[in-house]
Amino acid sequence: MFQLIIFGPPGVGKGTQAISIAEKLNLDHISTGEILRKAASEGTELGKRAKEIMDKGNLVPDDIMNGIVKETLESIKGEGFILDGYPRTLNQAVALTQIFNDLNFNDLKVINLRADDEEITQRLLKRGRSDDTRETILNRLKVYYESTSPVKKYYEDLGYNIDINGVGEVEEINSEILKCIN
Ligand code: ADP
């Protein structure tokens, strides 16, 4: 079972790349953002709470996210999976290491996609999801630098982390990622 984490700031293209790589390599794509948006559209208790948090650009609490991912990974079958949008805090990264240990997952690669704030902001404003307003984007970037970017160092210190430029043609970035994980 192969594990891939696609890491990077909001709007860097994690989702686009994850969908395409998952299809090419026959992997499951696990997007925590999509899981939360689905819950929100279904109007579940979790969904309602998550939507309020997401629309402000804040993070859903770690214990909720860790629970969702643990449950998802415990029932996963097949050749492997891509995590997109998780882990997003050090607490989540540590929890994920524990989950991987418990489930004997030991074939991990971590890709870090890079793009500058201006590029990201322009892309998100064009996309126009309900959390893609100027004000929310500013907060999402702040949250990214404060809470999420330490995760990059966590994986670097463990000897992971492949840095890839997220600005350019989607297909080129895609082949770059494929090259790095093959
Ligand atoms: P993006 O990569 O553009 O920020 P996502 O779809 O990954 O979009 O996430 C959207 C929102 O969902 C986040 O801003 C956050 O509120 C919530 N979210 C997604 N994943 C997590 C997570 N692992 N921990 C906490 N909140 C999360």
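Predicted model: local features only at pLDDT ≥ 70, side-chain atom pairs only at ≥ 80, totals over all residues.

I looked up T32 and found a polar side-chain atom 2.8 Å from a nitrogen atom of the ligand. R140 also puts a polar side-chain atom 2.8 Å from the ligand, here from an oxygen atom. For K14, I get 3.0 Å between a polar side-chain atom and an oxygen atom of the ligand. Taken alone, the ligand exposes 540 Å², and the protein buries 96% of that (Shrake-Rupley areas, 1.4 Å probe).

Numbering runs from 1 along each chain as its sequence is written, and side-chain values use heavy atoms, with hydrogens and water left out.

I wanted to know which of the 20 residues around the ligand come nearest. They are T32, N58, G85, R88 and R140 (a residue is near if one of its heavy atoms lies within 4 Å). Helix α2, residues 32-42, supplies the largest share of the shell, four residues (helices are DSSP runs of H or I, at least four residues; strands are E runs of at least two). By class, I noted seven nonpolar, six polar and seven charged residues in the shell (Asp, Glu, Lys and Arg are charged; Ala, Val, Leu, Ile, Met, Phe, Trp, Tyr, Cys and Pro are nonpolar; the others, Gly among them, are polar).

The ligand takes up the space of the largest pocket (more than half of its atoms lie within 2 Å of the grid points). My pocket criterion is an open set of points on a 1 Å grid over the protein atoms alone, where a 1.4 Å probe fits, with protein on both sides within 12 Å along at least five of seven lines; lining residues have an atom within 4 Å of a point. I get about 950 Å³ of space in there (the volume filled by probe spheres set on the points). Its lining has 47 residues, with G11, K14, R88, R127 and R129 nearest the centre. Elements giving two or more residues to that lining include β1 (2-7), α1 (14-25), α2 and α7 (134-157). The lining splits into 19 nonpolar, 17 polar and eleven charged residues.

Entry 4, the second largest pocket. This one holds about 160 Å³ of space. Helix α5, residues 90-103, gives the most to its lining, with four residues. Among the lining residues I jotted down F100, F105, D107, Y155 and Y160. The classes come out as seven nonpolar, three polar and one charged.

Note on methods:
Polar contact = N/O pair within 3.5 Å; in protein donor to acceptor, adjacent residues only side chain to side chain.
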